[in-house]
Amino acid sequence: MDMITMPAINMTPILPEIFLSVLAMALLLINVFSPGGSKSYLGYVSFIGIIAAAVLVGAGWNGYIESFNGAVVLDKFATFFKMIFLLSAGMAILITDQYMEREECNHGELYPIILFTTVGMMLMASGTDLMTIFLGLELMSVSLYVLAGFNRKNLKSNEAGLKYFLLGSFSTGFLLYGMALVYGATGTTRISKIAQIVAQMTMPSSNILLLAGVLLLFTGFAFKVAAAPFHMWTPDVYEGAPTPMTAFMSTGPKAAAFAASLRLFLVAFPTLQVEWSQLLWVLAVVTMTVGNITALRQDNIKRMLAYSSIAHAGYCLVGFTAGNGTGTSAILFYMLSYALMNIGAFAIIILVAKKGESNGTVMDLAGFGFKHPALALAMTVFMFSMAGVPPTAGFIGKFYLFSGAIQQGYIWLAILGVLNSAASVYYYLRVIVYMYMKDPTEEFEWTKVTAPVAIALVLSVAGTLVLGVIPSFVLEYAQLAIRLL
Amino acid sequence: MSNILSLTTFLPILGVLILFFIPKESKSVLRGFTFAVTLVTFLVSLLILTGFQTNAEFQFVENVPWIAAGPFVMRYNIGVDGISLWLVILTTFIMPISVMSTWKAVEDKVKEYMICILILETSLIGAFISIDMFLFYIYWELMLIPMYFMIGIWGGKNRLYATMKFFIYTMVGSLLMLVAFIYLYMIGSQAGIPDFSVLHFYNLHLDPSVQMWMFIAFALAFAIKVPMFPLHTWLPDAHTEAPTAGSVILAAIMLKMGTYGYVRFAIPLFPEAAHRFAPLLATLAVIGIIYAALVAMVQEDVKKLVAYSSVAHLGFVMLGIFAFNVQGMTGSMLQMLNHGVSTGALFLIVGFIYERRHTRLITDFGGLAKQMPIFATMFLIVTLSSIGVPGTNGFVGEFLVLIGGYESELRWWTVVAASGVIFAAVYMLWMFQRVMFGELNNPKNQKLLDLDAREIAIMVPLLLLIFVMGVYPNPFIAKMDPAVKKLVSQIRPASMDAAAKALAAVPVANAAESNETSEQNHTGMPAGHPVIPHEGQSTSPAINPHEAK
């Protein structure tokens with residue numbers, strides 16, 4: 001008689017996830033049973049929780065543990081990405097409070113939902129089973145739909161939430177269908193087993209079931225990283241969502257989608273690399289170009305950054321196309337840099353904007369540079385970093401991404417990449433032009449910079465510059481993470 | 001004092017850190033402090049000059065690990081040789097002068113202006129002394145940022161267009177160069193080259209077809225910076241709109257970055273391709289000389305005229321470089337310094353007059369010499385130096401370039417280019433005549449004050465240099481001579497070497513043997529100096545143009 005044997009369960013790999021989940025649930029309860037009024041303290045508690053989780057993740061930075069019968073793993077790759085997620089979530093929380101107070105929707109549920117999103121992302125990064133990845137992805141996505149529509153009195157936020165939900169669930173369908181087909185072709189959902197079975201196939205590229213599955217997975221992830229032509233939801237959602245949440249969802253979840261797809265494609269389907277890298281080549285070029293060209297025409301900074309975020313995903317796809325150690329590890333580095341500079345930029349937007357998200361165009365920045373020199377300097381650093389000008393993290397990231405492509409022989413891809421990068425300089429510099437080189441049209445109201453926002457800004461400026469000047473440590477860790485995948 | 005290069009590079013940045021704490025209302029403190037920083041930097045850099053041994057090697061080398069990740073090893077690897085030495089000194093020399101020129105010109109946002117100038121100085125020096133190519137690229141890009149702000153914030157009416165154009169033009173070129181950098185490194189690492197040091201890459205013998213593409217990428221980036229016709233269009237805009245100090249730095253130092261790039265990177269890294277493209281680039285240089293001169297002639301704005309004269313002068317520099325012989329190269333190196341001094345001085349002069357009248361149109365002036373005698377004298381000297389009249393610095397450089405060009409394969413190009421000297425005389429003197437002589441009939445000009453003590457103090461060092469370099473250029477040439485000779489022997493492509501060797505082998509069999517042994521001594525350098533006939537004449541350091549005259 002066959003007994004169902006319980007696999008040895010080691011909770012250590014998901015300790016940070018458990019911790020955050022418990023914290024989030026506790027916060028939900030506290031929120032319900034506490035009297036009304038300001039809910040800022042929930043934000044502080046969540047932030048401390050994020051730091052604690054980061055310490056837990058950091059404690060295992062050098063370890064390797066498989067658990068749940070190989071469905072979850074703790075390795076350097078997961079650790080690196082988890083740090084990005086926690087950074088992204090932590091910084092988002094820091095810049096949330098001031099915004100939510102101004103928009104008068106500082107409801108306590110926000111913070112637990114951010115934590116749940118983070119847990120979902122972390123599961124995606126350490127999931128080594130299609131099911132775990134899907135579980136994480138759903139947890140993340142559903143929480144994000146709520147976050148996008150969180151400002152329920154604002155029409156645009158509602159639109160963002162609904163749009164994100166509809167298109168997001170559509171893409172989840174693709175992903176799930178792809179997983180089903182891959183399961184059908186290989187008979188397992190465990191990534192390492194899929195890899196073995198695909199490697200044993202004589203002609204994996206002529207296995208229609210498998211190919212269709214891979215293609216659907218590919219499409220699903222392209223939706224999640226907002227690669228063109230699957231990017232249509234991005235501008236509206238990013239523009240409509242509350243600004244701190246835009247900052248969050250353009251960095252953390254994007255990194256999570258890259259984490260899961262990197263693990264999936266590099267571990268499970270290396271034998272099909274010829275096929276998927278051809279697809280990625282096209283996807284990368286289209287994504288970069290569409291993102292940059294549409295961003296050129298935007299006056300609303302939030303929308304501009306939304307389009308530029310598509311372009312940044314495109315740069316990462318260049319590294320993905322290369323598929324070698326240099327290129328893929330550069331994605332890790334770039335996602336970290338992007339989290340720093342992008343959230344920093346959004347923090348500035350929050351400070352400039354007025355109630356109801358008005359005052360959000362590039363023109364409204366006129367004269368900002370000499371009214372608030374420190375803030376403008378920070379914005380300048382972010383813009384130059386996104387444009388890829390040294391000595392910033394953005395430059396080092398792009399350098400390694402394009403190096404990966406060149407190393408693998410994709411010279412034209414790299415050239416198209418740098419030309420795109422040159423085009424992007426225009427719209428990033430436009431922000432700087434307005435800040436420093438135009439006279440203000442109206443007097444600035446002094447925006448108070450609260451302590452949390454100031455911390456977030458200092459953190460992101462320092463991070464952007466440090467990663468630009470002495471990136472070795474992080475780069476080495478990223479390369480180690482990829483090599484041991 | 002082994003860290004003297006780093007000290008020179010980072011002193012200005014240290015100054016920036018202190019500037020942050022000076023309140024922005026105390027403008028004179030800000031100005032004085034920045035001036036002091038640049039002056040100290042200049043004095044420190046003189047230690048480099050005095051400590052420099054006259055040989056072809058890199059000196060004051062500092063080489064410490066910096067980034068090592070993945071396939072790349074970047075090192076903080078810096079040093080000066082005869083080629084970069086004078087450019088570093090030129091940079092540190094021009095900086096205090098341009099800071100002093102802002103005393104009255106910049107009243108608004110003084111603090112930010114000074115920060116820009118100091119960051120610019122660090123990045124300029126850093127680029128000239130980088131041996132590591134990645135480090136060079138960082139500085140090369142970094143220098144765009146402060147210049148972008150200087151033009152964009154303190155510039156003229158059309159400044160936004162000018163600064164955007166300047167930034168994007170340069171950025172496109174350098175990004176393509178970046179791809180070539182990376183590709184080069186990939187080839188190099190397969191050949192066992194351990195890091196980004198340009199010295200390693202000199203020894204890498206690349207396939208000619210690879211060389212060609214790489215050269216195109218490098219040459220494009222540097223040609224934009226020089227700027228060469230037809231990529232020069234950003235320059236008149238940028239120069240015209242930039243504030244005086246910006247124009248001075250842009251003309252005197254930043255443009256040299258392009259020609260320096262050819263000398264340090266594009267040509268010695270890809271010698272065969274450089275030889276292949278020499279006729280094309282020389283043609284563009286000559287077109288630049290003639291075209292810019294003609295355009296300069298019809299300018300109504302003095303500053304724009306000077307800007308176009310820069311394009312013509314840099315054309316001479318490019319021609320000399322592509323002569324590939326010692327005279328041409330020496331002339332070009334010297335001409336870079338000369339252009340820095342005299343065009344820098346010209347922009348200062350335009351600045352002086354603009355501060356007084358807030359116009360730069362030639363037709364608004366006339367007869368100023370009566371009202372401003374000191375100004376007129378100085379202006380005349382600088383004008384003559386820019387034309388290249390014997391006795392001034394401009395003559396020495398141009399003359400060597402023309403000799404070098406004439407003796408090289410670019411003989412006919414040189415003949416055409418020589419006419420540019422005449423054009424230069426035409427547009428400069430005509431402009432001078434219309435501005436300074438004639439009737440003082442514009443009432444606004446009748447009350448103009450002559451230069452004050454500060455302005456005279458700014459001009460005197462430059463005027464002195466104009467004469468020193470014009471009459472006794474030997475100390476300048478002597479320091480760079482070994483490095484230039486090494487460079488010239490290095491950029492002789494292997495195929496030419498073989499052909500020359502075959503020639504030499506016919507009359508004297510021994511010569512070929514000794515040639516081979518000497519090549520073993522200079523490992524990695526395609527040596528073989530006794531071959532080209534006219535080279536022998538110039539091996540002695542006495543390249544005295546006055547003899548030839």
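A residue is buried if 20 or more other C-beta atoms lie within 10 Å of its own, exposed if 12 or fewer, and partly exposed in between. B:Lys109 has 19 C-beta neighbours inside 10 Å, so B:Lys109 counts as partly exposed. The model described here is predicted. Chain A touches chain B through 30 of its residues, which meet 27 residues of chain B.

**Chain A overall**
- Chain A has 20 helices and two strands.
- Its 485 residues would give a compact globule a radius of gyration near 23 Å; the value for chain A is 22 Å, which agrees.
- Along the principal axes, the C-alpha atoms of chain A fill a box of roughly 75 × 60 × 40 Å.
- Of the 485 residues in chain A, 62% are buried.
- Among contacts in chain A with a separation of 6 or more, 80% join residues 24 or more positions apart.

**Where chain A meets chain B**
- The contact involves 30 residues of chain A and 27 residues of chain B.
- On the chain A side, the elements that give two or more residues are helix H14 (325-352), helix H17 (393-407), helix H18 (411-437) and helix H20 (472-483).
- H18(A) supplies the largest share of that side, with twelve residues.
- By class, that side of chain A has 21 nonpolar, eight polar and one charged residues.

**The nonpolar core**
- The largest nonpolar core has 395 residues.
- The residues with the most contacts inside this core are A:Ile95, B:Val179, B:Phe218, B:Ala266 and B:Leu319.
- H14(A) gives the most to this core, with 20 residues.
- Leaving aside neighbours within four places in sequence, B:Ala266 is in contact with B:Phe215, B:Phe218, B:Ala219, B:Phe222, B:Gly261 and B:Ala274.

**Helix H19 of chain A**
- H19(A) covers residues 451-469 and has 19 residues.
- At 1.5 Å a residue, H19(A) should span 27 Å; its end C-alpha atoms are 27 Å apart, which agrees.
- The buried residues of H19(A) are A:Pro452, A:Val453, A:Ala456, A:Leu457, A:Ser460, A:Val461, A:Gly463, A:Thr464, A:Leu467 and A:Gly468.
- Seen down the axis of H19(A), these buried residues fall within an arc of 165°, so they line one face of the helix.
- On the other side of H19(A), A:Ala451 and A:Ala462 are exposed.
- The buried residues of H19(A) pack against helix H3 (76-103), H14, helix H16 (373-387), H17 and H20 of chain A.

**Cis peptide bonds**
- In chain A, the peptide bond from A:Ala228 to A:Pro229 is cis, with omega near 5°.
- A:Pro229 sits in the loop between helix H8 (208-224) and helix H9 (233-240) of chain A.
- In chain B, a cis peptide bond joins B:Val226 and B:Pro227, with omega about -5°.
- B:Pro227 sits in the loop between helix H10 (208-225) and helix H11 (234-241) of chain B.

- A:Ala226 is not a glycine, yet it has a positive phi of about 60°.
- A:Ala226 lies in the loop between H8 and H9 of chain A.
- A:Ala226 counts as buried because it has 28 C-beta neighbours inside 10 Å.
- B:Lys109 is not a glycine either, and its phi is positive at about 55°.
- B:Lys109 is placed in the loop between helix H4 (102-105) and helix H5 (110-129) of chain B.

Conventions
Residues are numbered from 1 along each chain as its sequence is written. Chains are lettered from A and ligands numbered from 1 in the order in which they are written. This is a predicted model: local features need pLDDT of at least 70, side-chain atom pairs count only at pLDDT 80 or more; totals for chains, interfaces and linings use all residues. Two residues are in contact if their C-beta atoms, placed from the backbone, lie within 7 Å. Helices (H or I, at least four residues) and strands (E, at least two) are DSSP runs, numbered from the N terminus. Ala, Val, Leu, Ile, Met, Phe, Trp, Tyr, Cys and Pro count as nonpolar, Asp, Glu, Lys and Arg as charged, and the others, Gly among them, as polar. The expected span of a helix is 1.5 Å times one less than its number of residues. The arc is that of the directions from the helix axis to the C-beta atoms. A nonpolar core is a set of buried Ala, Val, Leu, Ile, Met, Phe, Trp, Tyr and Cys residues joined through C-beta atoms within 7 Å. The radius of gyration is taken over C-alpha atoms; the globule rule is 2.2 Å times the number of residues to the power 0.38.
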